[in-house]
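Colleague: I am new to reading protein models. Could you take me through some features, one by one?

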Amino acid sequence: MGAGLSILPLVLVLVLIVTRRVTLASAGLVALAATIPSLVHLRGTDGLASFVWLESLKGAWVAWQGLSVILAGVLLYQVMHRRPAARPEADAGIDPHRAAFAACFLFGTFVESAVGFGVGTIIAAVGLMRLGLSGAGAAALSVFSQILVPWGAMAVGTGIGAGLLGVDLVAMGTRTAEVTALTVPLLLPFFWLLLRRAGVALRWRNMALDTMLILALVGLLVAVNRWVAVELGGILAPGVLAVAVTLPRLMRDPGGAAALLRDVWPYLLLAVSLLATRLVPGLPELLRAALDLRPFADMPAFPVLYHASFWLLVTALVAAPRSVWRGGYSDVLRDSLNMARTPLLVTLFFVVQAQWMLASGGAAALGAAWHALAGEVSVLAAPLFSAAIAGPSGSNTAAIAMMMPVMAPIAVATGVPVLVVVAAQNIAGGLSTMLSPGRVALAAGLLGCQGREGAVYRAMLPVTVAILVAPVVVLAILVFG
């Protein structure tokens, strides 16, 4: 009975998302309402109102760690959108394979990690359009920018997952990076397949270089998460490689380099600011202590001056063009709130619902029921459960909030390290956002196949199989290998 009531919100959310009957925010509100019967069954009605109130406040506090990043990140995006572009013209002699790799795996992932919300797909699509690529194959290529979604918008989803489970963010980020290092290289053959479909000839030299760069990317990702900061992992790893692969060409073209610098200096300012706040001796401790908010002793603190959202906001204010300061700030704020409304509500509703499930024991009951049914292999379903939420919704945060609390107790019961299981969930959910209708429709519209999203999905069929199977295989090797 308890497990049946606990699974009700998940079933309803899946049905609503797949049938697209309501918005994702409305589905989150339905999940909240559908959790009430489970709370009544597990806790009774005595003191239920005070329990719901307290745990809602705690859930909202955990959610605020991500909500602040969403708000500041969207504001930065709106400011950048209003800046006059100074991009150089495409180099006619550039290798399309190399440029496509950089657009999808470096520049797209860099921007996605800084801002989130699929913006990396736009950057990748623009890069592919400059190469003259279009159609279903190119649209499928552009969504490869979502390979580092666990670090999207300054690792907002990963941070929320760590807060919900009460685990160290650095430990969770590092383990997620380590599992990513085993998973992402498996996707390279499917990138090459889509390149051929888009009309780009493959050469062994380029494929070997792709492999080396991907290994360097995941190696840097692990290093940054372990020794610098989790929220910087998806920025520094592709950012360093993007500089490395474009610097030789830019050195031959000073004008193009200057134009590119005028375009990207706000992102460089953001990266330098965050690096300084993490690495300058004594500065992290000073910033953490200066304005440290902790309304709940058992919940994560919010160090205002140290948090990534503060430096996103500072960067947005510094980068704002003169038109904004001359009265356009109201338009920026309005457009930012319009763009952020859905992810803000989705994050709040699903995180509060997850806190209710955790505190009431509903997540543990659901996990115990699944473990009793599937036995020792029950943990292998963790990536698929996350993909089932993140794929249709396009929200890895929703997948984290709903499924991590369920699978963590199963990991404990089976003797599997919790961080390994939740890392596999995090990665599978992140990769599955490639399949979301919103991401695919965006890519199709940009690359000349609007209204033919079905063709994009058909092109992505091998990729779909890969992003569903690869995390499960990696998890199985880590658990049973």
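Colleague: Is Ala153 buried or exposed?

Modeller: This is a predicted model, so treat every value as computed from it. Buried means under 20% relative accessible area. Ala153 has 3% relative accessibility, so Ala153 counts as buried. Ala153 lies in helix α7.

Colleague: What is the phi of Ala153?

Modeller: Start with the general idea. Most residues other than glycine have a negative phi. Now the case here. Ala153 has a phi near 50°, a positive value in a residue other than glycine. Met154 is not a glycine either, and its phi is positive at about 60°.

Colleague: Where does Met154 lie, then?

Modeller: Met154 lies in helix α7. With 4% relative accessibility, Met154 counts as buried.

Colleague: Let us turn to cores. Which residues touch the most other members of the largest nonpolar core?

Modeller: The general idea comes first. In soluble globular proteins, nonpolar side chains tend to be buried together. Here, the largest nonpolar core has 82 residues. Met154, Tyr267, Leu270, Phe350 and Ile389 touch the most other members.

Colleague: Which helix gives the largest share of this core?

Modeller: Helix α3, residues 48–82, does. It supplies 13 residues.

Colleague: Now helix packing. At what angle do α8 and α10 pack?

Modeller: Two numbers describe the arrangement. Two packed helices are described by the angle between their axes and the distance between the axes. For α8 and α10, the angle is about 170° and the axes are 8 Å apart. Angles over 145 degrees count as roughly antiparallel. Therefore α8 and α10 are roughly antiparallel to each other.

Colleague: Which residues of α8 meet α10?

Modeller: On the α8 side, they are Val170, Gly173, Thr174, Ala177, Glu178, Thr180 and Ala181. On the α10 side, they are Val218, Leu221, Val222, Asn225 and Arg226. The residues of this contact divide into six nonpolar, four polar and two charged.

Colleague: What comes between α7 and α8?

Modeller: A loop, and Asp168 is in it. Helix α7 covers 152–165 and α8 covers 169–183. Asp168 has a relative accessible area of 48%, so Asp168 is partly exposed. Its side chain reaches the backbone nitrogen of Val170 at 3.2 Å.

Colleague: How should I read distance along the chain against distance in space?

Modeller: Take them as two separate numbers. Asp168 and Val111 are 57 residues apart along the chain, and their C-alpha atoms are separated by 26 Å. Ala103 and Ser142 are 39 residues apart in sequence and 7.9 Å apart in space, C-alpha to C-alpha. Then take Gly108 and His307. They are 199 residues apart along the chain, with C-alpha atoms separated by 24 Å.

Colleague: Where does Ala103 lie?

Modeller: Ala103 lies in helix α4. At 5% relative accessibility, Ala103 counts as buried. Not counting residues up to four places away in sequence, Ala103 touches Gly108, Ala124 and Gly127.

Colleague: What about Gly108: buried or exposed?

Modeller: Gly108 is found in helix α4. Its relative accessible area is 0%, so Gly108 is buried. Leaving aside neighbours within four places in sequence, its contacts are Ala102, Ala103, Gly120, Ile123 and Ser145.

Colleague: In which helix does Ser113 lie?

Modeller: Ser113 lies in helix α4, residues 96–115. Ser113 counts as buried, at 0% relative accessibility. Leaving aside neighbours within four places in sequence, the contacts of Ser113 include Ala153 and Met154. Leu148, Trp151, Gly152, Gly234 and Ile235 are also among them.

Colleague: One last residue. Where is Arg288 found?

Modeller: Arg288 is found in helix α13, residues 283–290. Arg288 is partly exposed, with a relative accessible area of 42%. Not counting residues up to four places away in sequence, Arg288 touches Pro303 and Tyr306. Arg288 and Leu193 are 95 residues apart in sequence and 47 Å apart in space, C-alpha to C-alpha.

Definitions and conventions: Residues are numbered from 1 along each chain as its sequence is written. This is a predicted model: local features need pLDDT of at least 70, side-chain atom pairs count only at pLDDT 80 or more; totals for chains, interfaces and linings use all residues. Side-chain values use heavy atoms; hydrogens and water are left out. Helices (H or I, at least four residues) and strands (E, at least two) are DSSP runs, numbered from the N terminus. Buried means under 20% relative accessible area, exposed over 50%, partly exposed in between (1.4 Å probe, protein chains only). A polar contact is a pair of N or O atoms within 3.5 Å; within protein, one must be able to donate a hydrogen and the other to accept it, and residues adjacent in sequence count only if both atoms are side-chain atoms. Axes are lines fitted to C-alpha atoms, for helices over the stretch in contact, and angles run from 0 to 180 degrees between N-to-C directions. Angles under 35 degrees count as roughly parallel, over 145 as roughly antiparallel, 65 to 115 as roughly perpendicular and the rest as oblique. Contact means heavy atoms within 4.5 Å. Ala, Val, Leu, Ile, Met, Phe, Trp, Tyr, Cys and Pro count as nonpolar, Asp, Glu, Lys and Arg as charged, and the others, Gly among them, as polar. A nonpolar core is a set of buried Ala, Val, Leu, Ile, Met, Phe, Trp, Tyr and Cys residues joined through side-chain atoms within 4.5 Å.
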